Amino acid sequence: MFKNYFKTAWRNLTKSKVYSVINVLGLAVGMAVAMLIGLWIWDELTFYKSFANHKQLAQIMTTSVGDSGKLNTDPMVCRPIADELRSKYGSDFKNVSMSRWNMSAMTVGDKTISDIGLWAEDKLPVMLSLDMLEGDIDALADPSSIIINASLAKTLFGDADAIGKIIKLDNKDNYKVGGVFRDFPNSNPFSIGSASFPTLHDAKYLLPWKKYITIEQWVKDAAMDWNNRSWQCYVQLADNVDMNKVREKIRNVVMAHKNAKTDGVESAYLYPMDKWHLYSDFKDGKPIGTRLQFVWLFAIIGVFALLLACINFMNLSTARSEKRAKEVGIRKTVGSLRAQLIKQFLSESVLVAFVSFILSILLVILLLPFFNSLAAKHIQMPLLSPAFWISALAFTFITGLLAGSYPALYLSKFDPIKVLKGTFRVGKYASLPRKVLVVLQFSFSIALIIGTIIVFKQIQFAKNRPINYRKEGLITVSGITQDLPRFYDAVRNDLLATGVVDDMAGASDATTNLGAWRNGFNWEGKNPNTLPTFGFMLMTEDFGKTIGWQLKEGRDFSRDFATDSLAMILNETAVKQIGMKKDIVGQNIQYDGKNYHVIGVVKDIVQQSPYNPVTPMVYVTSHVWIDNVTVAMKTGVPVKDALAKIEKAFKKYNPNLPFNYTFNDEDYAKKFADEQRVGKLATFFTILAIFISCLGLFGLASFVAEQRTKEIGVRKVLGASVFDLWQLLSKEFVVLVVISLIIAIPIAYYYMHNWLQNYEYRTNLSWWIFAVSGIGALMITLLTVSFKSIKAALANPVKSLRTE
């Protein structure tokens, strides 16, 4: 019986080739979109699942209270917190590890590269369950060892065995390779609060914490400093321990060593690894699903894209009902039951679905490289996974049933007597369900168009935000700054002598990133119940002049004033957070046992996310802490020539270290990557959704033109022009699109307005967005319908009327 069903289904499929192609292609594109989105969602949901202990791993975050009462959460903690967790909460934690990100020049023989890694305590490799290809997972217990990943081992040693080989860091200390681990899955930086940080996936090597705490004096001094938050802390919970209970238990671990009246209030927050990716931002001290909203968004797009294709199948199947009416009548006359007819029509839709599935697999394989480049992913088609094929076949079967359910129920109810007597008519309301489905299709497509435009408008709005320092001609040099304080003035003088540089300055951070926050500041009139957190940046006196920041009050740092070693410059947001009623320039602020005097206020520099408020910043001078050097190149000088001279000046004092630099404007542009990625993906899916909708529209227009062939012939004989006939055939579809606009605009406005609320610095919803989307939808509709309408209007009426 089923063999007969599918034989008949195949015959019908090959008989109406145009409609079959439209059905198969539409369903294939819809299924391909659903599969691509499904693969993307799976990658998002399993982002950290590659770590065997992911359910037990967490990071300690710090939440502090600003003067305005707002809670600020960031990943930086003080050094003593790890020992405190071990000693007082040892039963709750299996392992605790302090860490700090590190960028170093790594030299093996005559080869030198720079890469990112972690200083980490020796239990971190075990916590992360590193897949060791060679060596010992406990190698970091030796303060002279380093663990590297397979890619770094390949780069530095080729195919030779890396174990026991020596790597020189920053042309200073030697480390012996104690282990090689399999690379982490590829990932992208994510944001916590309003700053961007690397993820554990990005670490190419691990260095021994025991060595790190002996290198710098400030690190040694911070061993019992509960105010200096410059590190990260990862923990692994003990077996059968409840994460929420432990979170509440350690909440006041820091405040046990602070005075709330003088130091303010801060709390520790246990941030589980399973939330790092999808809940990557914090609001009011709790993680929020910033990325999770994109998972939901694309899941909805995937479902609707598939529904659009199913709607096409339903519309074309029911539109051609009169052509199948006699078949139904004859089958019922010879004894077919309605249930058998339903099975027949469902078998046709399932067959179309399986043919479409084969085509969709080919489409996904072809589109996946392009999709990966858009999504910044490394997704692979799981063709060898039995689970994938079982899920895919079940998905295809359900799609076939979904697409064929309405046509099967509709066609199988025809009265055989009326059909065979020739008195069967579908009725004037028979096309109503089709019109409703077309409206649904275009409502979704128009909403996607509006959403995509708003995403790009928000990106452009943030790009146009004043950053209050020079955008062009700045480069940041890193990795070559080892021992720079000893010859800082010599390098600067050599650079100025090249004639290609306006100025040079050293700082603890680049203009496009912030790596340190501090609290424990006190001033006259400060609220004792708050612990305001400030971004904290050390710099040489030339920094402001080099980057071209804009002074609002007071003066800049200067070498002419010896007292500037205890001077402080604030940004506008810091002044507001301090809330001092009198002029802040000239006032004193106490920090770390020292009395600083405020000499100036600068306009807010956009150093972190361009979508969020600027962090309150404190700037002080230092020639000791120089991790980054900012160089301002002269305008009009060829970049290639300028870089060659700048490199020569640096290499003169550190010839063995690589000259690593980045353009500040390019680094700033990377801050828009997530939103641009979403915009590109939305554009990609919008184009495919419109394509599916237009396929269905083209099929319906073809059917309407075919159905009204004689009417068109009569009208033409009676003097109707081509324009009149085009208008006649197109009007119905234009009305449907206008109704879709009326439905789509308020829905799109509501959801996009809510989406924009995630950004403190956001654009407005301009009227022209909806106007452009509406006009665009109408133009697409007219272009799709016009091909068949004009062709029908131009046809010779003699051919359509000669049978009468």
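Helix α16 (residues 484-497) and helix α19 (residues 639-651) cross at roughly 155°, and their axes come within 9 Å. That angle makes α16 roughly antiparallel to α19, a label for angles over 145 degrees. The model is a predicted one, in which local features need pLDDT of at least 70, side-chain atom pairs count only at pLDDT 80 or more, and totals for chains, interfaces and linings use all residues. Residues are numbered from 1 along each chain as its sequence is written, and side-chain values use heavy atoms, with hydrogens and water left out.

**The pair α16 and α19**

- Axes are lines fitted to C-alpha atoms, for helices over the stretch in contact, and angles run from 0 to 180 degrees between N-to-C directions.
- The crossing of α16 and α19 is right-handed, that is, the near helix is turned clockwise from the far one by less than a right angle.
- V491, D494 and L495 of α16 meet I646, A649 and F650 of α19, where contact means heavy atoms within 4.5 Å.
- By class, this contact has five nonpolar, no polar and one charged residues.
- Ala, Val, Leu, Ile, Met, Phe, Trp, Tyr, Cys and Pro count as nonpolar, Asp, Glu, Lys and Arg as charged, and the others, Gly among them, as polar.

**The pair α23 and α24**

- Helix α23 (residues 722-756) packs with helix α24 (residues 767-794) at an angle of about 155°, and their axes are 8 Å apart.
- The two helices α23 and α24 are therefore roughly antiparallel to each other.
- Their crossing is right-handed, and the contact has 20 nonpolar, five polar and no charged residues.

**Nonpolar cores**

- A nonpolar core is a set of buried Ala, Val, Leu, Ile, Met, Phe, Trp, Tyr and Cys residues joined through side-chain atoms within 4.5 Å.
- The largest nonpolar core has 130 residues, of which W40, F371, Y619, V631, I646 and F650 touch the most other members.
- Helix α2 (residues 17-45) gives the most to this core, with 14 residues.
- Apart from this core lies another of 44 residues, including L85, V180, Y205 and V219.
- Beyond its neighbours within four places in sequence, I646 is in contact with I475, L495, V500, V501, V631, M633 and F659.

**The whole chain**

- The protein chain has 25 helices and 28 strands, taken as DSSP runs numbered from the N terminus (helices H or I, at least four residues; strands E, at least two).
- Of its 804 residues, 54% are buried, meaning under 20% relative accessible area, with exposed over 50% and partly exposed in between (1.4 Å probe, protein chains only).
- Among contacts between residues at least 6 apart in sequence, 79% join residues at least 24 apart.

How values were computed:
Parallel < 35°, antiparallel > 145°, perpendicular 65-115°, else oblique.
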